[in-house]
Amino acid sequence: MKFFVDTANLDQIKEAQDLGILDGVTTNPSLMAKEGITGEANVRNHYKAICEIVDGDISAEVIATDFDEMIKEGKALADLHENIVVKVPMTKDGVKAIRWFTDHDIRTNCTLVFSAGQAILAAKAGATYLSPFIGRVDDMNWDGVDLIAQIADIYTIQGFQTEILAASIRNPLHIVRAAEAGADVVTCPLSSILGLLKHPLTDIGLAKFLADHKKANS
Ligand code: G3P
C-alpha cells in the first residue's frame, strides 16, 4: 500500500518525507487556500516546490468545471513536472476529461467519489487513481471503509486497473481499516500518519529497557 500525505504545507510534507515512508502527495483547493497559496502562478510554483521535495505522484487539482477548461488547465498542470497527476472531480465533464487525459497519456486522480457507481465510471474512463472520501461518508452516518471494500471487490472482479486511493482520512484507525479493506493508497494528514506510531506499551517498554540499561551500567 502506498502512503501519500494530504496537505499543501511544505513543512509537513518535508516531515513526512523525512520518515522515509512517503510515496506521494495530494492537495486540493481547500488545502491550498489553508496555506494562503492564491493565484494561478503561485499555485503552480507551489506544486513545483512539492515536486522538488517528494519524488512520487503529486496530485494537482483542476479548478475548471467544464470540459474544455479542464483539459487546458490539466495539460498546464501536467506540464509542470512528470510526477504531476491531474485531479479531476467526479462530474459528467470530469469523466469526459479523464477519458481525454487517459487517451493522451496524462495520469489522473478522480476526486470527490462517494459511491461504487461513480467508482465504476471513473475506472471505465481510465482514471489512474480513484479518491473515495471516507471521512465525509462517515460524516453522513454511513461507513466510508465499507465503500472502499465494495469498490475493491468490484475492481478485482472486473479487472479494473484504477488504484483505490482512500481519502478524507481523519485518524490512524481509518488508515488501518482502509488497508484491511483493500485500498491501494491512503492519503492522510501528517497527524494520522504519526498517530500510527503511538502505543502506551511501546513507551512503557522503552522506559523500562532504558532504566534497566542505566541500572546495569552505572
Ligand atoms: O483527501 C481529501 C481530503 O483533503 C478531504 O478531507 O477531512 O476535508 O473530508 P476532509
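Is Arg99 buried, exposed or partly exposed? It counts as partly exposed, because its relative accessibility is 34%. Buried would need a value under 20%, exposed one over 50%. Keep in mind that this is a predicted model.

Let's stay with Arg99. Its partner is Asp103, and the two form a salt bridge. The closest N and O atoms are 3.0 Å apart. Both residues sit in helix 5, residues 92–103. They are four residues apart there, so about one helical turn separates them.

How many salt bridges does the structure hold? Nine. I'll show two others.

Go to helix 11, residues 200–216. Here Asp212 pairs with Lys208 in a salt bridge. The closest N and O atoms are 2.9 Å apart. Again the spacing is four residues, so about one helical turn lies between Asp212 and Lys208. Now accessibility. Lys208 is exposed, because its relative accessible area is 51%. Asp212 counts as partly exposed, at 32%.

Lys87 and Glu61 meet through their side chains, at 3.8 Å from N to O. Where do they lie? Lys87 is in strand 4, residues 84–89, and Glu61 is in strand 3, residues 57–61. The pair therefore ties together parts that are 26 residues apart in sequence. Lys87 is buried. Glu61 is buried as well.

Now helix packing. Two packed helices are described by the angle between their axes and the distance between the axes. Take helix 3, residues 40–53, and helix 4, residues 67–80. Their axes come within 10 Å. They cross at roughly 35°. The crossing is right-handed. Which residues make the contact? From helix 3, Arg44, Tyr47 and Lys48. From helix 4, Glu73, Ala76, Leu77 and Leu80. Sort the contact by class and you get four nonpolar residues, three charged ones and no polar ones.

Last topic: aromatic rings. A search of the whole structure finds four aromatic pairs. One of them is Tyr155 with Phe160. A pair of rings is described by the distance of the centres and the angle of the planes. For Tyr155 and Phe160, the centres are 5.5 Å apart and the planes stand at 80°. The pair counts as edge-to-face, because the cut-off for that is over 60 degrees. Is Phe160 buried or partly exposed? Phe160 is partly exposed, with a relative accessible area of 21%. Tyr155 is buried, at 5%.

That's the tour. Questions, please.

Note on methods:
Residues are numbered from 1 along each chain as its sequence is written. This is a predicted model: local features need pLDDT of at least 70, side-chain atom pairs count only at pLDDT 80 or more; totals for chains, interfaces and linings use all residues. Side-chain values use heavy atoms; hydrogens and water are left out. Axes are lines fitted to C-alpha atoms, for helices over the stretch in contact, and angles run from 0 to 180 degrees between N-to-C directions. Helices (H or I, at least four residues) and strands (E, at least two) are DSSP runs, numbered from the N terminus. A crossing is left-handed if the near helix is turned anticlockwise from the far one by less than a right angle, and right-handed if clockwise. Contact means heavy atoms within 4.5 Å. Ala, Val, Leu, Ile, Met, Phe, Trp, Tyr, Cys and Pro count as nonpolar, Asp, Glu, Lys and Arg as charged, and the others, Gly among them, as polar. A salt bridge is a side-chain nitrogen of Lys or Arg within 4 Å of a carboxyl oxygen of Asp or Glu. Buried means under 20% relative accessible area, exposed over 50%, partly exposed in between (1.4 Å probe, protein chains only). Rings of Phe, Tyr and Trp (its six-membered ring) pair if their centres lie within 6.5 Å; planes under 30 degrees apart count as stacked, over 60 as edge-to-face and the rest as tilted.
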